[in-house]
Each structure stands twice: as structure tokens, then as C-alpha cells.
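These are my notebook entries on a chain that I looked through element by element. The sequence and model come first, and my entries follow.

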Amino acid sequence: MNILLDLLLLLLTIIYSYLEALVKVFIPQRRKSVAGEIVLITGAGHGIGRSTAYEFAKRKSRLILWDINKHSVEETAAECRKLGATAHAFVVDCSNREDIYNSIKQVKKEVGDVTILVNNAGTVFPADLLSTKDEEISKTFEVNILGHFWITKALLPSMMKRNHGHIVTVASMCGHGVIPYLIPYCSSKFAAVGFHRALTLELKALGKTGIKTSCLCPVFVNTGFTKNPSTRLWPILETDAVARSLIDGILTNKKMIFVPSYINIFLTLERFLPERAVAAISHFQDFQFEAVIGHKTKGK
């Protein structure tokens, strides 16, 4: 009898969730304030990280900016200060666990406890699997996912103590679908999406509902990581547009942020299509970028 009641409750919850989602399409969601929040952004020296820092700076957050490139991260910090925000620049190697832990100790001592974390640092080595060096595979996972673990583990205790915070995982469309010649990158982004989902459920299980989570999944972004990207179906995104979508998702506590948003429809349909149809769609998309294939650089 209990299982029947539980199933009925589950059905009602699913129906309510669909109705709630439908209402949110037409009614603007309330946006929270991030003024005064201490925001740590990794990979803030360029690309999405830099543009995201500018968005937080406009909203008067206190910024902690990490990047492996000293000149680039200091440029970002200087621009954030011009926008009226307090900004601290740190040179940090997000593939090095000890460097991460030591830098977080320094951040806590000099600035305070981080309340919003944007795990954005990433790397990619476009190549077929046999042309990819072992150290490139290791570096991809160290930066794209293991760094997320070390940083989150170090910052989460203070968030849990206050039951307040926001953890943002910057993943990719490649965390939901795969592209040839990006095997380590796709694998690491699948791991990042899994990290976000598992962390979200664990925080809920622990009763820490004041700590929000978001995951950013854009298609190709013009960051310079992949050379000459193009696709028949999706736009090549600029970092400013992606950062605006990200900050909007953070302010509304959105769990999964797809850019463009209609990617979600494609991913939903893909789950119900036969394998041959999925392969045909992948071929039709015609992803192109420069990659090392057979030890030679080719456009693919």
C-alpha cells in the first residue's frame, strides 16, 4: 500500500514540475543579488572566465581571479576595478593540487571565505587518440575535472557552515554529446557534468539547500582553444554572450545552463532516436576545427 501511495505522490510531483516549468517560461524569475559576495573564478585571464568576471564586477561582487598567466589575470583584475569592483589576482596552476590548496589558504587569509565558486579553468588538445600524448591526456583531466574536486573540497566547508553559497561548473555540450578528435576533452566534460549532478544531489541529501549549483554547457565558443571551429547546425559563440547567459543562470539559481538554450531540445530528442539516426544527425552537423590527425594538423 505504501508503494502505491509513493507512486501516486511521484506522479503528482512530476505533473506539478511540468506545470511549474511551463509557468516559468512566461513569468520572469526573481534574480538574487550578488553584491558583496566573494566570487572565485578560475581561468579568469581570458575567454569565458574573463567575461564572467566582468559580469560579476558590474554587480559589485568581490572578485578573486585565478589564472596560470600572470599578465592576463592582472589585466582582467584591472578592468574589473574600473567597473567598480574589488578584485584580487592570483597566479594559480589548476592542474596542481598543492598549488590550489596553498592558494586557497592565501585567499582565506587575505580576502575571506568564498561564497560563489566558478570552476571555469579548462584545456583541450584537439587530436585523434593515437596522436594525443599521455601528458596531454593527464593535463586535460587534471584541469578540467580533478581541479574541480580539489577547489570545491577546500571551499565547501565554509559554505556548509553557513548553508550559503553557489558552486558553478563550467562544462560543455561535449559533456552530453561527443565529437571525434576530442576524446580526452569530451570524457573530462562528461565527468564535469556528473560532478555537478552528484554534488547537487548530495547537498540536497545533507540538507544544505542554501548552497546552489549550476552547470554551464555551451557549444563551440570562440576562445582560441580550438582553431577555426565551425558547424552547420550551431552558432560559434562569443564569450560575452556565454557569460551573460551564465550570470543570468546564476542569478536565477538555474541548475543546467545550455547555450544556446534550444540545445536541450536536441539532447532530449537524441535519447529517443535510433543509433543510425543519431549518427546521421552528427554527420549533418559537420563539426570542423583544426586537429592533429596521424601526427599531422588537419581541418576536421
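I began with terms: I took two strands to pair if DSSP finds at least two bridges between them. Helices (H or I, at least four residues) and strands (E, at least two) are DSSP runs, numbered from the N terminus.

I noted that this is a predicted model, in which local features need pLDDT of at least 70 and side-chain atom pairs count only at pLDDT 80 or more, while totals for chains, interfaces and linings use all residues. Residues are numbered from 1 along each chain as its sequence is written, and side-chain values use heavy atoms, with hydrogens and water left out.

Entry: the sheet.
I looked up the strand order and found seven strands in an open sheet, β3-β2-β1-β4-β5-β6-β7, with parallel pairing. The edges are β3 (86-91) and β7 (256-259); each has a single partner strand, so one side of each lacks a neighbour in the sheet. On average, neighbouring strands are turned by 15° against each other, direction ignored. For such angles, axes are lines fitted to C-alpha atoms (for helices over the stretch in contact), and the angles run from 0 to 180 degrees between N-to-C directions.

Entry: strand β1.
I followed β1 (residues 38-41) and saw it pair in the parallel sense with β2 (residues 62-67) over four bridges. In β2, isoleucine 64 is the bridge partner of leucine 40, and leucine 65 stands opposite isoleucine 41. Which residues cover the two faces of β1? Ile38 and Leu40 lie on one side, Val39 and Ile41 on the other, and all are buried. I use buried for under 20% relative accessible area, exposed for over 50%, and partly exposed in between (1.4 Å probe, protein chains only).

Entry: helices on the sheet.
I count a contact as heavy atoms within 4.5 Å. Helix α2 (residues 47-58) lies across β1, β2, β4 (116-119) and β6 (211-218), and runs at about 170° to β1. Helix α4 (residues 97-110) also packs on the sheet, where it touches β2 and β3; its direction makes about 160° with that of β2.

Entry: threonine 226.
I located threonine 226 in the loop between β6 and α7 (239-251). Is threonine 226 buried or exposed? Its relative accessible area is 11%, so threonine 226 is buried. Beyond its neighbours within four places in sequence, threonine 226 is in contact with Val124, Pro126, Phe220 and Phe289. Phenylalanine 289 is 63 residues away in sequence, yet the C-alpha to C-alpha distance to threonine 226 is 6.4 Å.

Entry: backbone geometry.
I found a positive phi of about 65° at lysine 60, although it is not a glycine. Lysine 60 sits in the loop between α2 and β2 and is partly exposed, at 44% relative accessible area. Tyrosine 181, also not a glycine, has a positive phi of about 70°. Tyrosine 181 belongs to the loop between β5 (165-170) and α6 (183-205) and is partly exposed at 25%. I also recorded a cis peptide bond between valine 259 and proline 260, with omega about -5°. Proline 260 lies in the loop between β7 and α8 (263-270).
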